[in-house]
Amino acid sequence: LDRELLLYPKILLDKLSESELDLEEVFERNLHNSAFTSDYGNASTVLRDMSSEELVEAVTEMARRVEGTFVETPLQKQMQAKLNHILSNHPKLQPTPNHHPVRAEFASCFLSNYPKFID
């Protein structure tokens with residue numbers, strides 16, 4: 001694993017429509033740095049935990065990454081590159097004296113399960 005962290009975020013849903021938020025909607029609602037549950041309620045957003053299937057898939061991916069046996073598909077590599085570009089260039093995520101970028105990568109299984117997240 002080239003990064004320090006592997007992320008599989010909670011799914012964010014619009015409270016009214018129950019549709020999944022994509023990354024740009026997360027930025028629009030200023031939820032990218034939220035640390036409190038109340039932040040999500042104030043932004044008309046509901047958090048959804050991982051399903052047991054997603055948890056098994058994420059843990060399996062992490063184990064394979066640690067073992068050195070994980071192989072990303074070409075589509076997953078393309079999605080990771082697109083996400084890295086967005087996260088590196090988005091104005092709300094630029095480094096400041098008090099904020100430094102986290103060396104993290106989203107789980108490939110998350111990107112495969114939620115491709116609209118970065119569209």
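Helices (H or I, at least four residues) and strands (E, at least two) are DSSP runs, numbered from the N terminus. The model is predicted: local features need pLDDT of at least 70, side-chain atom pairs count only at pLDDT 80 or more, and totals for chains, interfaces and linings use all residues. Residues are numbered from 1 along each chain as its sequence is written, and side-chain values use heavy atoms, with hydrogens and water left out.

**Exercise 1. Overall layout**

Task: State how many helices and strands the protein has, and give their order.

Solution. 
- Step 1. The protein has five helices and four strands.
- Step 2. Along the sequence the pattern reads β-β-α-α-β-α-α-β-α.
- Step 3. Buried means under 20% relative accessible area, exposed over 50%, and partly exposed in between (1.4 Å probe, protein chains only). By that rule, 32% of the 119 residues are buried.
- Step 4. Contact means heavy atoms within 4.5 Å. Take contacts between residues at least 6 apart in sequence: 73% of them join residues at least 24 apart.

**Exercise 2. The paired strand S2**

Task: Find the strand that pairs with S2, and sort the side chains of S2 by direction.

Solution. 
- Step 1. Two strands pair if DSSP finds at least two bridges between them. S2 and S3 pair over four bridges, in the antiparallel sense.

**Exercise 3. Helix H3**

Task: Check the length of H3 (residues 52-67), then locate its buried face.

Solution. 
- Step 1. The expected span of a helix is 1.5 Å times one less than its number of residues. For the 16 residues of H3 this gives 22 Å, and the end C-alpha atoms are 22 Å apart, so the two agree.
- Step 2. The buried residues of H3 are Glu54, Ala58, Glu61 and Arg65.
- Step 3. Seen down the axis, these buried residues fall within an arc of 60°, so they line one face of H3. The arc is that of the directions from the helix axis to the C-beta atoms.
- Step 4. An α-helix has 3.6 residues a turn, so residues three or four places apart point the same way.
- Step 5. The face turned away from the buried side carries the exposed residues Ser52, Glu53, Val56, Val59, Val66 and Glu67.
- Step 6. On the buried side, H3 packs against S1, S3, H4, strand S4 (104-106) and H5.
- Step 7. Gly68 follows H3 and has a positive phi, near 80°.

**Exercise 4. Core and ring cluster**

Task: Name the core residues that touch the most other members, then trace the ring pairs around Phe110.

Solution. 
- Step 1. A nonpolar core is a set of buried Ala, Val, Leu, Ile, Met, Phe, Trp, Tyr and Cys residues joined through side-chain atoms within 4.5 Å. The largest such core has 24 residues, and Tyr8, Leu31, Phe110 and Phe117 touch the most other members.
- Step 2. S2 (11-14), H1 (23-28), H4 (74-89) and H5 (108-113) each supply at least two residues of this core.
- Step 3. Rings of Phe, Tyr and Trp (its six-membered ring) pair if their centres lie within 6.5 Å; planes under 30 degrees apart count as stacked, over 60 as edge-to-face and the rest as tilted. The structure holds five aromatic pairs.
- Step 4. Tyr8 and Phe110 pair edge-to-face, at 5.1 Å centre to centre and 75° between the planes. Tyr8 lies in the loop between S1 (5-7) and S2 and Phe110 in H5, so the pair ties together parts 102 residues apart in sequence.
- Step 5. Phe106 and Phe110 have ring centres 5.7 Å apart and planes at 45°, so this pair is tilted.
- Step 6. Phe106 is buried at 12% relative accessibility, and Phe110 is buried at 1%.
- Step 7. Ring pairs link Tyr8, Phe106, Phe110, Tyr114 and Phe117 into a cluster.
- Step 8. Beyond four places in sequence, Phe117 contacts Leu21, Asp22, Leu23, Val26, Phe106 and Phe110.

**Exercise 5. Positive phi**

Task: Which loops hold Glu18 and Ser44, and how exposed is each residue?

Solution. 
- Step 1. Most residues other than glycine have a negative phi.
- Step 2. Glu18 has a positive phi of about 60°. Glu18 sits in the loop between S2 and H1 and is exposed at 60% relative accessibility.
- Step 3. Ser44 has a positive phi near 55°. Ser44 sits in the loop between H2 (37-42) and S3 (45-48) and is partly exposed at 36%.
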